[in-house]
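The following account leads the reader from the overall form of one chain to two of its residues. Please keep the sequence and the model in view while reading.

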Amino acid sequence: MVISIEKQGETAIVAAGGRLDAVGAPELEARGKASIQEGSKRLLLDLAKVEYISSAGLRSLLVLAKTVKAAGGGMALCSLTPAVREVMTMSGFDNILSLAADRSAAMGLLK
Amino acid sequence: MRGVGWYRRQTVRWKIFIPFFAITLLSSTLFTVYGFIQNNRAIVNEIDKRLLIAALTMPQLLPADYFDRVQAPDSIPEEEHWAHTRRLELFLRNVGGTYLYALHNVSNRYYFVASAALDTPYWTEYEKPAPNIYEVQKTWQPHISTTPDPDYGLLRSVVIGYKDSAGRRFIIGADIHAYEVAALKRRAFLNFFMMGAASFFLAVLFSYVASTAITQPLSRLSNFTRRLVEGGFSAAIRVDPTLFPDGNQTGSETAILAYDFDQMQTNLAAHIEQLKLTQSARERAESELRIAGQIQATFLPGAFDPSLFGGRVQMQAAMKTAKQAGGDLYDYFALDESHLFFAIGDVSGKGMPSAMFMSAVVVLLRSAAKQLRDPAEILRRVNDDLAIRNESCTFVTLFIGILDTLTGEVVLANGGHNPPRRLGADGAVSGVPVKTNIVVGAVDGATFARETLLLRPGETLFLYTDGVTEAIDEGGKLYGEERMDRRLSALPAKGGVPEVIQGVSDDVAAFSGSRDQSDDITLLALRYEPRGAKTS
């Protein structure tokens with residue numbers, strides 16, 4: 001799991017890469033939570049480089065979405081690979097998480 | 001190079017001692033040889049000086065007019081000659097020479113006109129003069145040499161010229177036997193050799209003692225390490241504390257080494273103790289996980305009884321967890337004499353937390369199924385029960401259905417689970433188009449679509465968890481749905497559910513090879529066979 005975080009005002013842009021599984025998911029969850037604690041109100045997750053997502057990965061996304069919502073903000077995902085999008089659709093997560101084609105579209109969802 | 005290898009193989013003591021020995025031997029030899037040569041020179045110089053003094057002093061020991069009176073064979077009375085001879089011999093003994101003499105040359109013949117120790121009467125001819133006599137005759141300069149005398153042997157000899165008051169020439173000589181010089185040299189050599197040998201043995205003794213003193217603590221340390229290894233690093237085996245008398249406050253390398261060894265042993269003993277504790281803690285955790293797995297297994301149904309529903313249904317399930325306790329689940333039981341409830345699910349994550357969550361899911365699912373009998377409602381109830389205060393956001397994917405065994409109609413609902421497969425009576429594989437909905441337990445108030453499916457006689461419904469399609473081979477490739485579908489298509493059409501379960505299990509296992517199973521794998525196959533009931 002490769003994670004880099006860039007801040008734009010109250011939005012934290014989290015670019016993740018690799019496998020979002022039982023090993024990678026806790027890391028993403030911890031880094032995302034830290035950003036929220038540091039004051040970020042919005043999370044933009046760029047998953048362009050995520051090649052695989054497991055149920056543990058989905059759980060971490062759910063935790064981050066809930067946490068940022070409780071802090072009065074929101075979360076959006078963008079640039080999903082076909083494999084990740086398939087899992088999102090199959091699990092029904094596409095209905096509860098905000099998905100966008102690219103970063104600017106995701107920014108639009110967060111406004 | 002062989003010598004170098006040999007030296008490397010020696011013990012530290014010999015490594016120190018051998019060069020010490022060689023250097024000592026060399027320096028003692030050089031010292032002895034150099035000293036001996038220097039001393040020989042000094043001995044010869046000393047002798048030459050004495051001989052020269054004797055030659056120069058000789059005229060003074062004779063009467064002032066003695067040489068003037070030496071004129072002819074009878075010009076000095078015999079009595080006087082012998083008196084002079086005795087005086088000269090006394091002097092010669094004191095000086096340490098062998099011969100002392102004065103020669104007079106008359107018509108190229110040499111005559112002894114005065115002498116000591118030669119026992120020659122006055123005017124005795126020197127018949128075969130030594131070569132140095134002619135040398136003095138020629139140059140009239142003092143001449144010092146080792147010269148072979150035909151009658152008196154090899155001599156160290158000093159000869160000088162002398163003139164009487166009339167200016168007549170005489171030759172005065174002082175000799176010593178070469179063998180006496182050699183004897184002096186031999187004595188000096190013996191002295192030097194003794195001194196050299198003594199210093200050599202002292203140095204060897206010292207280097208032996210020193211190499212022992214240096215290596216003795218090392219060999220004691222090496223004894224300690226051997227005992228330590230043989231004793232399995234027991235805390236009871238300690239370094240002898242006399243090896244580091246001042247603790248760490250010393251400049252002695254071996255004492256520091258011994259001290260460090262002692263510290264290392266202390267730390268090692270502590271680490272081993274810690275390791276044992278960790279080991280037992282891990283064993284306890286593993287045994288707890290194993291027991292959790294055993295408890296979890298009791299939440300799963302036993303083997304399907306084929307006599308239920310008059311033999312119209314065959315069903316079999318299999319689960320292989322990645323750890324001792326897992327997050328997959330399946331269930332089936334009869335709701336009444338004609339309705340069969342079945343479910344398959346996958347809790348997010350794995351291990352102990354998933355196993356605990358799975359237990360709750362199974363219990364909630366059973367209780368909801370018995371009360372509600374509508375799959376969509378059942379999922380809604382279970383979802384709401386799980387979603388309340390679900391801080392960890394753990395969720396479960398669930399595919400549940402109720403089969404009417406009289407008609408083959410299945411009412412089902414899907415909570416974010418992989419869609420199942422339908423295997424036709426002819427063996428053809430097809431997907432089951434069901435709405436996905438959302439996973440169960442993630443969002444409070446979620447709803448699930450209620451769908452129906454008609455199973456024709458001989459058809460099989462095959463359900464699985466993503467542990468199957470996401471199994472990984474040694475090269476990191478996913479098993480995938482395509483391969484699963486190919487395997488299902490290749491099954492014999494007349495085979496029962498055990499063949500379906502076994503066929504897919506074996507294929508996944510063969511695909512994974514030696515790779516560790518990363519996720520729980522669960523399979524469930526249900527075959528509707530109303531005609532089988534009639535014939536049996």
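This is a predicted model: local features need pLDDT of at least 70, side-chain atom pairs count only at pLDDT 80 or more; totals for chains, interfaces and linings use all residues.

Residues are numbered from 1 along each chain as its sequence is written, chains are lettered from A and ligands numbered from 1 in the order in which they are written, and side-chain values use heavy atoms, with hydrogens and water left out.

Chain B contains 13 helices and 16 strands; these are DSSP runs numbered from the N terminus, helices being H or I of at least four residues and strands E of at least two. Its C-alpha atoms fill a box of roughly 180 × 50 × 40 Å along the principal axes. The radius of gyration of chain B is 61 Å, while a compact globule of 536 residues would have one near 24 Å; the value is taken over C-alpha atoms, and the globule rule is 2.2 Å times the number of residues to the power 0.38.

Of the 536 residues in chain B, 44% are buried, where buried means under 20% relative accessible area, exposed over 50%, and partly exposed in between (1.4 Å probe, protein chains only). Among contacts in chain B with a separation of 6 or more, 66% involve residues 24 or more positions apart, a contact being heavy atoms within 4.5 Å.

B:Glu481 is found in helix α11, residues 480–489 of chain B. With a relative accessible area of 29%, B:Glu481 is partly exposed. Not counting residues up to four places away in sequence, B:Glu481 touches A:Glu86 and A:Met90 as well as B:Arg421, B:Tyr464 and B:Thr469. Its side chain makes a polar contact of 2.7 Å with the side chain of B:Arg421; such a contact is a pair of N or O atoms within 3.5 Å, where within protein one must be able to donate a hydrogen and the other to accept it, and residues adjacent in sequence count only if both atoms are side-chain atoms.

B:Thr465 lies in the loop between β15 (460–464) and α10 (466–469) of chain B. Is this residue, B:Thr465, buried or exposed? B:Thr465 is buried, because its relative accessible area is 0%. Leaving aside neighbours within four places in sequence, B:Thr465 is in contact with residues including B:Ile344, B:His417, B:Asp520 and B:Asp328. The side chains of B:Thr465 and B:Asp328 are joined by a polar contact of 2.8 Å.
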